[in-house]
Every structure is written in structure tokens, then in C-alpha cells.
Amino acid sequence: MTTQIAPQPTVPQHSAAPDRHKRGLPALIRHSAALAKRSLIKTMRTPEALIDVTIQPVIFLLLFTYLFGGAIADGNRHAYLQFLLPGMLAQSLAMGGVALGQNLNADIEKGVFDRFRSLPISRSAPLVGAVVADVIRYLTVCVVMLTFGTIMGFRVETGVLPAIAAVALSIGFGLCFCWISVWVGMLVRTSGAVQGIMFLLVLPLTFGSNVFVATDTLPGWLQAFVSVNPITPLVETIRGLLVSGPVASPLIVTLIWMAGLLVVFVPLALRAYAKRA
């Protein structure tokens, strides 16, 4: 009598694949790059989404130069433009990150992130990819501001390499600062609320700094706030790299602020994303 052995159930060889794909820095880089490409394609198909980093900075630069430059700089608008443009560049970068939190919040509400969670990708890849894609927005701000400023009469007085360093530092700070917007986008319910909350943060930081006037012209209590404002050392560094002035000391403070923003807000954003998911 022949004994038949029942066939053993086979285990799919790819069952552990999703877990393997989710682990490791190479996987995170690969997945983030793919999602960054998706964000860039989305931006290219909706160019009106770049208004805040193209037309808006130009309007602000024109308004502040020609409306207030004569009064603030004793009629010397060119001198005020030399002072103003580096600060306006920092302000535009801070404001440019607001759209990132709005877009991420809108994607969550539309169910896009539900699809991401069903894919074998790193959990943090959707957020990291979106932030990486924002490099194009920040580079656009720098190119638009410097090009239009040159048309208005702004001149880089330090050379090509310092100007490139100023652009690189500006983009780096923007990528660190935008994690605040990512965190807010994961917390609130609507994209409109993201804009409202972020402007409540960005406007006091940019106007309560040395963007528009020198710090020593401000009242004492406001100077105390300006001295601890992260925008202040950034503006001082950009001015030093583009026009003239000290660079080393404000650069160190700016780098410390950039590291602090990443250490604090990246974990908060990822935790909020996990809870929202």
C-alpha cells in the first residue's frame, strides 16, 4: 500500500520583499528620488503653482524699493536695493515653503498617501521626496530675484563664487525651514489652515528682522527679538556674500539654526505623518 504525502503549502518567495524594500538608506534615497520626480512632473503641469516664487517676489521687490526706498535710504534707492535684495531673498525662501505643507495636506485629503502606504516603499519617502523636489522652487526664487534685481540696478560686489555660495546657503536654509510647513501640513485638517498658520509664523520672523531696515534703527525690545531671530543671521550672511560685510560669524549661527530645524522638525513631521496615516 502506497502512502501519499500531502503536498506542503508553498510560501511565496516575495512575501518578505516589501519589508526588505522599506529598509535601509539606499532604499529611502531611491524611493524619495522617484517621488521627487513625481512632484516635479506635477509642478511642471501646473506652472501657476510657481506664482509665489516668480511673480510674488518681483512685486515685493518693486514695492519696497520704490515705495519705501526713498524714505528709508534718504532718496538713494540704489543703495536701498543693495541692502534690500539679500533680505528679500531670505523672506521669499521662507514664504516659498508654505506651499509644500499645503500640497502635502491636499494630497492626504485626496487619498494620494493611501496609495503610497500600499506600496513597498520607505515610510518617510513621500515627505522626503516632496522636500527634495522643492529645491526647484527655491532655485527659481534665487534666479528670479537676482535676475530681476540686476535689471533694477542691483550688483553683486563680491564675485561669482561668493554669489554661488549665497544661493547654495539660501536653498539649504529653505530646505531646512520648510520642514516646519511639512509638520503643520500633517497636523491641520485643511490646506487653507496650513497657509494661515504658516503666515502667522513667517510674517513676524521676516518683518521682525533685519530684512528691511538695519537692526540698530529698531527700538530696544525689538532688537532683542531680532537678535534671536533665525532669519537675521541668514540675511547677514547673504548680504556679506553678495554685497559686503561679515560672513563667518553669522554663517556659523545660520548653520546651527539649520541643524536645529532639522533635528526638531523632521522627527515631529514624521511622527505626525505616522499618526495621520
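Predicted model: local features only at pLDDT ≥ 70, side-chain atom pairs only at ≥ 80, totals over all residues.
Biologist: How many helices and strands does the protein chain have?

Modeller: Helices (H or I, at least four residues) and strands (E, at least two) are DSSP runs, numbered from the N terminus. By that reading the protein chain has 13 helices and zero strands, and its C-alpha trace spans about 110 × 35 × 35 Å along the principal axes.

Biologist: How should I read the packing of two helices, and at what angle do H7 and H9 pack?

Modeller: Axes are lines fitted to C-alpha atoms, for helices over the stretch in contact, and angles run from 0 to 180 degrees between N-to-C directions. Helix H7 (residues 125-133) and helix H9 (residues 160-187) pack at about 135°, with axes 10 Å apart. Angles under 35 degrees count as roughly parallel, over 145 as roughly antiparallel, 65 to 115 as roughly perpendicular and the rest as oblique, and H7 and H9 are therefore oblique to each other.

Biologist: Which residues make that contact?

Modeller: Contact means heavy atoms within 4.5 Å. On H7 the contact is made by Leu 127, Val 128 and Val 131, and on H9 by Leu 175, Cys 178, Trp 179, Val 182 and Met 186. If Ala, Val, Leu, Ile, Met, Phe, Trp, Tyr, Cys and Pro count as nonpolar, Asp, Glu, Lys and Arg as charged, and the others, Gly among them, as polar, this contact has eight nonpolar, no polar and no charged residues.

Biologist: At what angle does H8 pack against H9?

Modeller: H8 and H9 pack at about 140°, with their axes 9 Å apart, and that makes H8 oblique to H9. Val 135, Tyr 138, Leu 139, Cys 142 and Leu 146 of H8 meet Val 167, Ser 170, Ile 171, Gly 174, Leu 175 and Cys 178 of H9, a contact with nine nonpolar, two polar and no charged residues.

Biologist: How do the axes of H3 and H4 cross?

Modeller: The axes of helix H3 (residues 51-72) and helix H4 (residues 77-96) come within 9 Å and cross at roughly 145°.

Biologist: How is a pocket found, and what is the volume of the largest pocket?

Modeller: Rolling a probe the size of a water molecule over the atoms shows where empty space is left. On a 1 Å grid over the protein atoms alone, where a 1.4 Å probe fits, a pocket is an open set of points with protein on both sides within 12 Å along at least five of seven lines, and lining residues have an atom within 4 Å of a point. Grid points are joined across faces, edges and corners, and a volume is the space filled by probe spheres set on the points; the largest pocket has a volume of about 360 Å³. Of its 21 lining residues, the closest to the centre are Ser 39, Lys 42, Thr 43, Leu 100 and Asn 103.

Biologist: Which helix gives the most to the lining of the largest pocket?

Modeller: H2 gives the most, with six residues, and the lining divides into twelve nonpolar, four polar and five charged residues.

Terms used: Residues numbered from 1 in each chain as written. Heavy atoms only, no water.
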